[in-house]
Amino acid sequence: MRVGGRRWMPMDYFDSTRWKQLDNRRPGSVRSEGTDDSGSFPSRRWGPALFWHEDSQSLHAYGGEGKGDYLNDLCVFNEQFGWSEVAEVEGDPPPSSFGFSGTYDAEKQQLYVYGGFDGAEYLGGLVHVLDVSVANRYSWSSLTLSGDVSVDWFRCSHGAALLDGHLFIFGGVNEDGYSWRPFSIDLASGDTTALQDYWGLGRRGHAAVTVGERIYIVGGEHEGYHFFDLMQMDCSGELKRFYRGQKFARQGHSLLARGEKLYVFGGFNGEYLNDVVLCDLDTGYIEVQYPCTEGGPGPTGRSHHGAAIVENGIYVFAGANEEQLNDLFFYEIRDHPPDSKEQVQSLSLLGLDFARMVDSELLSDVVLVCDDGSRVFGHRFMLSLRSPYFARMFSSRMKESVAAEVNVPGVSRSALLEFVNYLYSGHLPAKRETLETTIELINLADLHGTIELLEHCKMAAVLSIAPSTLLKRLEQAEDFGLRFLRDACVEYIVERYRTQRGDEDLVLKLPQTILEEVEEELERRRAWTEAGPSSNS
């Protein structure tokens with residue numbers, strides 16, 4: 001629940017207090033130094049699958065690539081007893097490999113392992129299932145794929161997520177190079193279905209996670225180019241760009257979800273990363289939190305680590321940078337909630353009380369006037385407290401500082417009311433079918449320095465782009481000087497061009513400058529694809 005609507009100020013900051021390193025040694029083992037693995041447990045590795053088992057209150061780590069070999073062991077960590085190895089698991093485990101996907105279903109208590117590379121060939125055609133629902137009696141089984149034989153099943157370094165009883169597979173690499181071709185696997189029957197290939201450019205090292213009825217996909221790499229998009233897919237298989245920002249440019253990272261919040265940790269984009277990127281899907285707020293200054297207690301930069309989320313934090317295990325790792329860290333999630341239910345209730349009532357003062361003549365000492373003469377009653381104290389622009393206006397020697405009425409040009413009364421309601425209550429405006437009011441709010445938020453409202457409205461504008469609205473959005477971007485909206489329209493055309501180019505009427509209506517930008521971007525992507533990957537491993 002949102003209380004007051006304004007939990008954070010967007011920022012990048014250092015905070016070492018959220019991280020702690022856990023003593024992950026097995027009793028009797030020693031902590032390895034440098035690259036020496038003698039006596040340490042678990043062994044150093046990258047690419048493991050990590051999941052939290054609620055019944056036993058323990059972490060489970062499966063497989064990865066070790067020092068000179070591929071692993072398919074299963075290790076368990078408990079904060080009281082440290083690590084132990086599960087010696088006996090019924091059934092046949094997957095082949096030892098790297099680059100597989102390990103997707104955990106907490107409700108069924110099953111880990112689904114797919115694909116990978118075993119040092120000789122790319123794997124696929126089977127889903128290996130680890131069942132951990134019965135204590136002290138774990139078991140492996142496998143599901144053979146069938147159905148759409150046109151799907152390229154064999155791949156590694158792909159993304160995977162569960163939705164509606166299906167395992168969705170996205171991208172990766174195999175002997176033919178980079179792939180994007182997504183498909184789904186019915187986990188009851190093994191039947192596969194090819195999904196529409198919206199993206200012609202393949203990628204590897206991206207990450208996927210399920211939130212409600214949608215899957216979100218972040219980042220990835222193609223021939224040294226690091227994607228910085230956040231994509232969204234529903235159960236029909238339709239994929240669309242949800243957000244785009246340089247904070248997401250990376251590969252080999254982890255992507256986790258708690259409620260409507262996404263957490264991205266680590267990865268590689270030319271350097272090894274150790275930041276946590278928080279993305280609130282509800283508000284569009286994005287924050288980057290760095291673990292520490294040099295030599296602090298947080299984890300070193302790394303990629304291809306294992307990560308698992310629990311109610312109050314995130315576990316990060318192993319991975320690689322200049323060397324393979326086997327350390328274990330815990331990151332405490334702090335969303336700055338009120339301290340008690342009573343405080344939540346109190347703050348909620350306070351927000352409602354302030355909202356009742358919007359456009360109220362009670363104690364009003366200023367009137368905001370729109371171009372058409374319509375009026376909104378306001379209160380200088382509240383307007384100044386929440387808007388730097390109003391604060392400067394009312395505390396300066398400008399005539400508006402003492403005037404009973406202040407003109408607010410270029411804004412409709414409905415948009416002004418939404419803006420004042422946000423200033424008073426902190427509640428972000430609801431989503432709209434039309435964009436006119438949202439554009440007015442963008443201009444108001446930019447002028448008044450209300451960053452949260454600005455980012456919220458920008459995201460609403462980008463998400464409103466569709467074939468039926470594309471031309472209108474381009475026109476509005478030009479009319480109002482909204483460069484971000486124009487760029488989003490160009491990107492939308494590029495990514496759906498093969499579908500849209502069949503609509504001759506739409507193509508003919510596009511401005512020539514837009515078509516030229518689209519062709520340039522398509523040519524650049526074709527050049528990447530034709531060049532092929534330098535390494536498939």
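Buried here means a relative accessible area under 20%. Keep that cut-off in mind while looking around this predicted model.

Start with Arg302, which has a relative accessible area of 0% and is therefore buried. Its salt-bridge partner is Asp327, with N and O 2.7 Å apart. Asp327 comes out as buried too, at 13%. Arg302 sits in the loop between β27 (286-290) and β28 (306-310), while Asp327 belongs to strand β30 (residues 324-332), so the bridge ties together parts 25 residues apart in sequence.

By the salt-bridge rule, the count comes to 13. Here are three of the pairs:

| Salt bridge | N to O distance |
|---|---|
| Arg302 and Asp327 | 2.7 Å |
| Asp275 and Arg250 | 2.9 Å |
| Asp487 and Arg483 | 3.1 Å |

Asp275 is buried at 6%, and Arg250 is buried at 3%.

Asp487 and Arg483 are a local pair: they're 4 residues apart in helix α8 (residues 483-495), which means about one helical turn separates them. Asp487 is partly exposed at 35%, and Arg483 counts as exposed at 52%.

Back at Arg250, one of its contacts is His226. That histidine is in strand β21 (residues 225-226) and is buried, at 14% relative accessibility. Its side chain has a polar atom 3.5 Å from the backbone oxygen of Gly224, and it reaches the backbone oxygen of Phe268 at 3.4 Å. Beyond its sequence neighbours within four places, His226 touches residues including Glu221, Ala249 and Asn269.

Notes
Residues are numbered from 1 along each chain as its sequence is written. This is a predicted model: local features need pLDDT of at least 70, side-chain atom pairs count only at pLDDT 80 or more; totals for chains, interfaces and linings use all residues. Side-chain values use heavy atoms; hydrogens and water are left out. Helices (H or I, at least four residues) and strands (E, at least two) are DSSP runs, numbered from the N terminus. Buried means under 20% relative accessible area, exposed over 50%, partly exposed in between (1.4 Å probe, protein chains only). A polar contact is a pair of N or O atoms within 3.5 Å; within protein, one must be able to donate a hydrogen and the other to accept it, and residues adjacent in sequence count only if both atoms are side-chain atoms. Contact means heavy atoms within 4.5 Å. A salt bridge is a side-chain nitrogen of Lys or Arg within 4 Å of a carboxyl oxygen of Asp or Glu.
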